Amino acid sequence: ENSLQKTSTCSSVEPSGVFVSPYALNLSSFTKLIKRLQERHPEFSKQEIVEAVQELRKINKGVLGGLAISAIEEKTSAIL
């Protein structure tokens, strides 16, 4: 029973946003976003860009859903 509970918890998005994962975005959108940001900001490492996206999610109350990729890109660029 406990393992079933863990499985369902892992597949759901926590509304508190405590666990910040880049995979909360759909993976292809996340990959596309990181690629665009790496092209726009070659002076930053991939890790720094991912951390900036995570910072944006924190600022945005734990979610990025509902924001256009272009808006996320602009706001992440401002953080970088």
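This is a short chat about the fold of one chain in a predicted model.

Reader: Okay, how many helices and strands are there in the chain?
Author: Four helices and zero strands. Read from the N terminus, the elements go α-α-α-α.

Reader: And what percentage of the residues count as buried?
Author: The chain has 80 residues, and 28% of them count as buried.

Reader: Which residues make up the largest nonpolar core?
Author: That core has 10 residues. Phe30, Leu33, Ile34 and Leu37 are among them, and so are Ile49, Val50, Val53 and Leu56. Leu64 and Ile72 complete the set.

Reader: Which elements give two or more residues to it?
Author: Those are helix H2 (27-40) and helix H3 (46-59).

Reader: Why would nonpolar side chains be buried together?
Author: As a general rule, that's how they tend to be in soluble globular proteins.

Reader: New topic: at what angle do H2 and H4 cross?
Author: Roughly 45°, with the axes coming within 10 Å; H4 covers residues 69-79. Angles under 35 degrees would count as roughly parallel and 65 to 115 as roughly perpendicular, so H2 and H4 are oblique to each other.

Reader: Is that crossing left-handed or right-handed?
Author: The crossing of H2 and H4 is right-handed.

Reader: Which residues make the contact?
Author: From H2, Ser29, Lys32, Leu33, Arg36, Leu37 and Arg40. From H4, Ile69, Ser70, Ile72, Glu73, Glu74, Thr76 and Ser77.

Reader: How many of those are charged, polar or nonpolar?
Author: Five are charged, four polar and four nonpolar.

Methods. Residues numbered from 1 in each chain as written. Predicted model: local features only at pLDDT ≥ 70, side-chain atom pairs only at ≥ 80, totals over all residues. Heavy atoms only, no water. Core = buried A, V, L, I, M, F, W, Y, C linked by side-chain atoms within 4.5 Å. Buried < 20%, exposed > 50% of the residue type's maximum accessible area, 1.4 Å probe, protein only. Axes fitted to C-alpha atoms, helices over the stretch in contact; angles between N-to-C directions. Parallel < 35°, antiparallel > 145°, perpendicular 65-115°, else oblique. Left-handed = near helix turned anticlockwise from the far one by under 90°. Contact = heavy atoms within 4.5 Å. Nonpolar A, V, L, I, M, F, W, Y, C, P; charged D, E, K, R; others polar.
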